[in-house]
Amino acid sequence: MQTDAEHPASPLRASRARALSGRCRPPGDKSVSHRSLILGTLAVGETAIEGLLEGEDVLRTAEACRALGARIDRLGPGSWSVRGPGLGSLLEPRETLDFGNAGTGSRLMMGVVAGHPITARFDGDASLRKRPMRRILDPLTQQGARVLEEAEGGRCPILLRGAAEPLPVEYKTPVASAQIKSAVLLCGLNSPGRTVVIESEASRDHTEKMLAHFGARIASEPFGPHGRKITLEGRPELRPAPVRVPADPSSAAFPLVAALIVPGSEIVIEGVMINPLRNGLLTTLQEMGARISFENRRAEGGEEVADIRVAASTLAGVDVPAERAPSMIDEYPILAVAAAFAGGETRMRGLSELRVKESDRLEAIAAGLRANAVECEISGDDLIVRGGTGRVSGGGVVETHLDHRIAMSFLVMGLAAEQDVTVDDDRMIATSFPDFRALMEVLGARFA
Ligand SMILES: O=C(O)C1=C[C@@H](OP(=O)(O)O)[C@@H](O)[C@H](O)C1
Ligand SMILES: C=C(OP(=O)(O)O)C(=O)O
């Protein structure tokens, strides 16, 4: 995927679909995929990964792991092998680590580099260059890393010098963010002491789970009403451990909402991870009246997964509490689309973090809704969507601002709106869901 002037934007239009039907399996979870490559690099020996997301963001992480000395081979679709040089033995990369559009890959890898006596330059596309990195660099400098160069406001490109011996720290994250927590823990892995991260609202726990899976000594305990305290003992012997990546709930959200809003639909989405720290969208949609049921619940790769059956539903607006945001942080664009088709008003509270994603998602969602004649309002950090009649006119062209979730969300809107919905650029979809179009078309979606 190229986002430079030589490769112009590629608009895509979605048209009203007949009832969606059938079964699908979304790609592997993006968060788990990044971490499996990184931990495979930090273990000595071979880590086998099944179901890896082969999206651009994850492929950039694989490239960065190679630049740090890992041998990484693709054995077949989703099937990858990683042979790490191991914790403490990473090489200094010769070239810039280019993370493209990926916040997670770049930030987690800053943590890895910060814990080793190597220097690396981090960069990415126009979207990544706008994203705040101070939130990562602040704790990493407390741990002993040095920022040698940075663009204005603590942004990429960033030249980072890691610490030979990261200092043990106790760090309280200023916002609920698994990326901040993970960067601190990954740096602390190579510390001779103990690293403690406290978060007042729990964020996704994939790093903690996977560190334990690879043999690290890590404990997580409740902290206050919604938070966690995570304690990691430094310098563990990380053992390669096979990883099976479950289907990504954040990608499953698109066919799921599509089936809810296209009349007469009924589909099954297979093998979806239902980690409680990722299931805020399902909770919210059920409160709105969505007909969702869970079949064949089972454990897969250390996570609970289920096949999710979804049927077209009459939705009603709800009030989504701010404390739910960490468990559905990437799902607000598609929730806003569901809310547009719901009767009454949906208020989503506490969305300040949406302003620092691949785009300013709060503004991008509101602009996309207005372009399709959906009434909405941003009030402080809240988004209010006034669905009203349960019908959406559509007919708009949505600016995606290099943001995959904005693109997919408004394409889903177009499947149920009265007139076509066009997104100005679909290239970024490949960062997290390369087969989005094909998967949706098998279910009955229409794009052109
Ligand atoms: O750790 C992760 O894998 C992620 C954490 C979230 O970001 P924040 O940590 O910034 O909330 C999320 O938005 C991102 O898509 C993936
Ligand atoms: C915010 C996202 O990703 P990242 O931070 O990794 O760019 C996302 O996938 O919605």
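UniProt positions are given in the numbering used here, feature names are shortened, and annotations may be inferred rather than shown by experiment. With that noted, I looked up "binding site" in the unreviewed UniProt entry, which places it at Lys-30, Gly-103, Arg-131, Gln-179, Arg-361 and Arg-405.

I am working on a predicted model, where local features need pLDDT of at least 70, side-chain atom pairs count only at pLDDT 80 or more, and totals for chains, interfaces and linings use all residues. Residues are numbered from 1 along each chain as its sequence is written, while chains are lettered from A and ligands numbered from 1 in the order in which they are written.

Overall fold. I found 12 helices and 24 strands; these are DSSP runs numbered from the N terminus, helices being H or I of at least four residues and strands E of at least two.

Burial. I noted 55% of the 448 residues as buried (20 or more other C-beta atoms within 10 Å of the residue's own, with C-beta atoms placed from the backbone).

Arg-361. I located this residue in helix 10, residues 361-371. Beyond four places in sequence, Arg-361 contacts Tyr-332, Pro-333, Leu-354, Asp-403 and Ile-406 (C-beta atoms, placed from the backbone, within 7 Å).

Arg-405. I placed this one in helix 11, residues 404-416. Arg-405 counts as buried, with 28 C-beta neighbours inside 10 Å. Outside four places in sequence, Arg-405 contacts Asp-330 and Pro-333.

Technical notes: A residue is buried if 20 or more other C-beta atoms lie within 10 Å of its own, exposed if 12 or fewer, and partly exposed in between; C-beta atoms are placed from the backbone. Two residues are in contact if their C-beta atoms, placed from the backbone, lie within 7 Å.
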